[in-house]
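Here is a short briefing to read with the model open beside you. Take the topics in any order you like.

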Amino acid sequence: MAGPDVSTLGEFEHVVLLAILRLGDEAYAVAVRDEILERTGRDVSRGSIYITLDRLETKGYLRSHLADPTPERGGRAKRYYTLRPRAVEALKESRRALVALWRGLESVLA
Amino acid sequence: MSARLPRGVEALLRRLLPGDLVEPIAGDLLEEYLDARARRGAPRAHVWVWWQAIRLAATLRWDRAAHGRPLPPIGDDLRATGSVWDSIRQDVIFGARMLRRQPGFTAVALVALSLGIGASTAMFSIVDAALWRPLPFPRADRIMSLAEQRPREGRWFGPIAPADFFDWRRDNRSFSALAAYMSQPISRPVSYNLTGTGEPERVRALQASPAFLGVLGISPVVGRDFRPEEEIFGRHRVVLLADSLWRRRFGADPSIVGRAISFDGAPYEVIGLLPARFWWPSAPEVIVPLALEDSDRALRSAHFLDAIGRLRDGVSEQQARDDLRAVGVRLAAAFPAENARHAPNFRSLRDALVGDVRPALLILLGAVAFVMLIACANVATLLLARAAGRQRELSVRRALGATRGRVVQQMLTESVAIALAGGAAGLLLAAWCLAVFRAIVPAQLAGLPGIAGVGLDGRALAAALALSTASGLIFGVLPALAASDRRLGSSLAEETRGASGGARAHRLRSTFVVAELALSLVLLAGAALLILSFRNLMNVSPGFQPRRILTAQVTLPWSRYPDHTRTMAFFDALYERLGAAPRVERVAATTSLPFDGADSRLNFEIEHRTLDSPTPVRVHPRLVSPGYFSTMGIPVVRGRGFTEHDDASSVQVAIVNEAAARRYWPGDDPIGQRISIGAPDRWLQIVGIVGDTRHEGLDADTDPAAYLPQRQPFTSLGAGFERSMAIVVRTDADVAAMAATIRGAVAGVDALLPIGMVRPMTDLIDESVASRRLDFMLVSAFALVAVVLTAAGLYGVMAYVVVQRTREIGVRMALGATRAKVLALMFRQAGALTAVGVALGVVGALLLTRSMTSLLFGVSAADPIVLVLVSSLLTLVAVAAVAIPSSRATRIDPLVALRD
């Protein structure tokens with residue numbers, strides 16, 4: 001599995017990566033879930049968010065760090081996620097492939 | 001507001017989530033939990049966060065397991081928990097393998113447990129439905145069943161006289177509503193002739209005060225309830241249909257409401273439909289207002305109503321009791337002749353419905369609990385035997401570092417697994433038992449709440465699960481402790497030597513067997529007492545010849561038979577037609593058939609005499625047709641029976657039974673004397689004395705009765721008493737074949753008249769003893785299972801002893817012991833166990849069978865012969881169980897025993 005490969009990026013992984021990209025420095029699990037809900041209307045389970053974040057990190061698309069504990073969270077740290085370059089490449093590749101496939105179909109599916 | 005997750009959620013996450021995920025996920029959840037708490041309140045947030053935590057833990061663990069990906073290290077807590085789960089999983093797998101390898105042990109244990117759990121679950125379902133589940137009415141605990149008590153007759157909950165009911169209703173201040181209904185035995189509900197659409201048929205009817213549904217807290221689903229004025233005679237022709245009749249007869253057509261249907265030839269307007277879930281013991285298909293004519297409303301000496309009432313909010317039972325007692329005292333003062341010895345009484349509707357069935361049900365539940373205990377003891381002895389065989393395996397485990405707790409855990413896991421498997425099989429057995437029970441449920445039980453549809457439900461499943469788990473722990477824990485209690489190494493050595501090791505485990509097994517013997521003896525004694533009672537009961541003569549008699553119920557409608565003349569014209573034609581039919585020997589009729597449950601009682605007077613009796617002077621008045629005594633086979637002891645000439649134009653006559661003659665004319669001749677029944681100054685001349693018949697049951701005493709000719713109008717019980725008769729036909733052929741003859745004869749006289757309740761007289765008697773039969777059959781079945789399990793347990797112990805003492809016996813035989821001596825040795829050991837078990841059982845039986853007194857008939861709970869018999873029987877079974885292993889002991893070859 002060398003290099004960015006669209007086939008390794010599942011649809012939901014795709015959605016999660018875009019949400020993290022949109023959130024910038026504020027991407028932690030709750031915010032990711034809210035962003036997906038707000039943008040797509042999809043109410044996804046918390047479990048699938050954690051699983052996907054975990055999986056993307058293992059695959060080397062994400063890096064995470066624990067922020068300093070805050071009192072409003074009972075002194076617990078948030079785990080923030082940011083995209084590794086590999087993820088940006090994968091997203092670009094995926095977009096390119098989709099756009100190529102879409103071309104000429106606008107009139108059919110409009 | 002504390003910034004903390006609810007207690008438990010945190011622990012759950014720590015326990016189940018991978019260690020590196022706990023911090024951020026707990027933080028995220030807390031953030032959302034606080035938000036939810038602020039927006040939706042603490043309780044909902046609480047539920048929400050628990051649900052999320054469980055979902056998260058499950059999803060993440062599942063994902064981890066499914067992918068087996070290398071993930072960050074798991075916290076120590078989780079590792080520890082994981083190992084407990086893993087070890088249980090290992091134990092289950094290992095235990096299953098052991099069980100498969102010992103199919104004999106597994107089969108015996110499973111059969112014992114499934115019998116115990118199955119019987120217990122089935123019995124629990126029945127008792128739960130009848131005694132413990134709330135009745136299907138809103139706030140059912142506030143509904144009381146009212147009755148009239150007559151302490152001097154020992155009668156605490158008798159039917160109520162109409163005038164008394166109306167006075168109670170007017171004067172009490174404790175009930176928000178009172179409703180009366182016609183008192184009727186469940187075995188013989190009041191029924192109406194429904195004609196008009198399709199075949200004429202009899203439908204079960206309940207005549208109840210307009211407030212009836214209101215007291216129960218139920219409203220019609222379509223249409224309206226009765227109005228108060230609809231209990232006035234003449235305005236009462238309205239009817240509520242039950243769901244079943246509405247669907248069956250009227251095709252579930254809602255437009256039936258508002259239309260008229262024909263009951264007993266009179267039009268009744270359908271005003272509403274009852275809910276499908278409506279339940280009442282007599283399962284009425286229609287409810288009509290209880291509308292009494294003015295003369296009947298004023299009756300104070302004829303008791304034929306039952307009543308229910310709903311306690312007002314805030315009124316306690318005691319307040320209601322005081323209130324009603326005061327009402328009763330006023331009535332007794334105002335009407336001393338009728339009410340001096342009467343008073344209102346009430347109990348909860350549940351108690352009234354369950355009545356005297358409660359002790360029988362509880363005794364059956366107790367008996368089944370005994371079977372369960374025996375099954376547990378049985379499996380425990382099996383487990384002990386098995387543990388003895390596994391001593392080496394367990395010792396190796398201990399030697400390899402397993403703690404005692406770990407070994408106990410393994411043994412318990414296995415026993416609980418066996419119990420759960422037994423429980424699953426038991427559930428199947430219970431479902432089957434309940435299906436059989438629903439099919440054969442005796443009439444006395446059919447009216448209990450929830451019995452008609454009794455089956456396995458959530459409560460029964462929960463009970464079976466709890467029972468299985470608890471029994472697995474109970475019968476597993478002692479063997480597990482015994483098996484694990486070995487000093488390291490000792491049993492490794494012991495086992496190789498093959499000496500009679502495991503003395504403690506053996507003692508434990510002996511204890512279990514003694515317990516089984518004792519419990520079995522109690523069950524056997526109970527079963528024997530019930531069997532004897534039933535035999536005694538069946539030997540009681542009913543006082544007539546029930547064989548080859550077929551009975552049928554005929555009720556003439558008011559509309560077409562408004563007077564005595566027309567009524568008698570019908571019956572005369574019917575008697576003539578039936579009498580001429582082939583294979584009919586005799587035909588007659590009565591208002592009150594023995595064992596039918598229907599009867600009335602009235603005060604009576606003897607001319608020129610004041611009866612000075614401690615109990616009220618009452619007889620059962622029964623109208624009969626001329627041939628009644630000869631048809632039934634009731635002997636006319638003195639005087640004469642009735643003839644066709646005892647009619648409206650002749651002298652009014654009566655015939656009393658021997659019980660009445662004995663009680664009211666001791667040493668005197670009643671024949672020729674005059675009595676009046678329920679109606680002062682209407683004198684009837686006694687012309688004969690007939691033999692006593694059992695009426696309410698073979699176990700019930702015969703009360704004084706007065707037979708009156710059907711042809712002479714009798715109005716003390718309301719007009720038209722003679723219109724509802726039970727026809728009795730004696731045949732020389734098969735009774736079942738006579739049903740068509742009766743139907744044909746009735747149709748030949750009046751084609752619109754349906755007949756109901758066509759039953760052989762012997763069926764009526766059988767039904768009257770059906771619940772006793774069920775009691776003794778169930779307890780006998782339980783006792784049989786108990787004895788078989790006990791025999792198996794005893795056999796197991798002795799077989800084990802033989803194996804353990806092989807070497808010793810070999811030595812003895814080598815030194816010249818004879819086979820007889822070896823046998824004696826074995827039997828001494830078994831005999832000691834049996835003697836202790838039987839002795840304890842006899843004590844237990846003496847203590848426990850006393851609770852059965854109400855179910856016994858003609859035998860004392862402490863009957864010495866019964867105890868001797870069952871003790872001998874159990875001893876015989878014990879000898880048989882010991883014989884096989886003992887004979888094996890005598891065949892031991894000393895050479896082989898010493899060499900091995």
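In chain A of this predicted model, 52% of the contacts between residues at least 6 apart in sequence join residues at least 24 apart. For chain B, the share of such contacts that join residues at least 24 apart is 82%.

- Chain A has 110 residues, and 43% of them count as buried.
- Its secondary structure consists of 5 helices and 2 strands, and along the sequence of chain A these elements come in the pattern α-α-α-β-β-α-α.
- Chain B has 900 residues, with 53% of them buried.
- For chain B the secondary structure comes to 29 helices and 23 strands.

**Helix 5 against helix 17 in chain B**

- Helix 5 (residues 103-132) of chain B packs against helix 17 (residues 458-484) of chain B at an angle of about 140 degrees, and their axes are 9 Å apart.
- Angles over 145 degrees would count as roughly antiparallel, so this pair of helices, helix 5 and helix 17 of chain B, is oblique.
- Helix 5 and helix 17 of chain B cross in a right-handed way.
- Sorted by class, the contact of helix 5 with helix 17 of chain B has 9 nonpolar, 5 polar and 2 charged residues.

**Helix 6 against helix 10 in chain B**

- Helix 6 (residues 162-171) and helix 10 (residues 317-334), both of chain B, pack at an angle of about 130 degrees with their axes 10 Å apart.
- With that angle, helix 6 of chain B is oblique to helix 10 of chain B.
- Which hand does the crossing of helix 6 and helix 10 of chain B have? The crossing is right-handed.
- On the helix 6 side of chain B you will find Asp164(B), Asp167(B), Trp168(B) and Asp171(B), and they meet Leu324(B), Val327(B), Arg330(B) and Leu331(B) in helix 10 of chain B.
- The classes in this contact of helix 6 with helix 10 of chain B are 4 nonpolar and 4 charged residues, with no polar ones.

**Aromatic rings**

- The count of aromatic pairs over all chains is 21.
- Phe629(B) and Tyr707(B) form an edge-to-face pair, at 5.0 Å centre to centre and with 85 degrees between the planes.
- This pair links distant parts of the chain, as Phe629(B) lies in helix 21 (residues 628-632) of chain B and Tyr707(B) in strand 21 (residues 705-709) of chain B, 78 residues apart.
- Phe629(B) and Tyr707(B) are both buried.
- The ring centres of Tyr664(B) and Trp665(B) are 6.5 Å apart and the planes are at 90 degrees, so this pair is edge-to-face as well.
- Tyr664(B) and Trp665(B) are both buried.
- Tyr561(B), Phe570(B), Phe571(B) and Tyr575(B) are linked by ring pairs into a cluster.

**A buried arginine**

- Beyond its neighbours within four places in sequence, Arg150(B) is in contact with Arg155(B), Pro159(B), His303(B), Arg341(B), His342(B), Arg601(B) and Arg618(B).

**Positive phi away from glycine**

- Most residues other than glycine have a negative phi.
- Ala252(B) has a positive phi, near 55 degrees, and is found in the loop between helix 8 (243-250) and strand 8 (260-263) of chain B.
- Ala252(B) has a relative accessibility of 26%, so this residue counts as partly exposed.
- Arg548(B) is not a glycine either, yet has a positive phi of about 65 degrees.
- The loop between helix 19 (503-538) and strand 13 (549-555) of chain B holds Arg548(B), which counts as partly exposed at 38% relative accessibility.

Technical notes: Residues numbered from 1 in each chain as written. Chains lettered and ligands numbered in written order. Predicted model: local features only at pLDDT ≥ 70, side-chain atom pairs only at ≥ 80, totals over all residues. Heavy atoms only, no water. Axes fitted to C-alpha atoms, helices over the stretch in contact; angles between N-to-C directions. Helix = DSSP H or I, 4+ residues; strand = E, 2+ residues; numbered from the N terminus. Parallel < 35°, antiparallel > 145°, perpendicular 65-115°, else oblique. Left-handed = near helix turned anticlockwise from the far one by under 90°. Contact = heavy atoms within 4.5 Å. Nonpolar A, V, L, I, M, F, W, Y, C, P; charged D, E, K, R; others polar. Phe/Tyr/Trp six-rings, centres within 6.5 Å; stacked < 30°, edge-to-face > 60°. Buried < 20%, exposed > 50% of the residue type's maximum accessible area, 1.4 Å probe, protein only.
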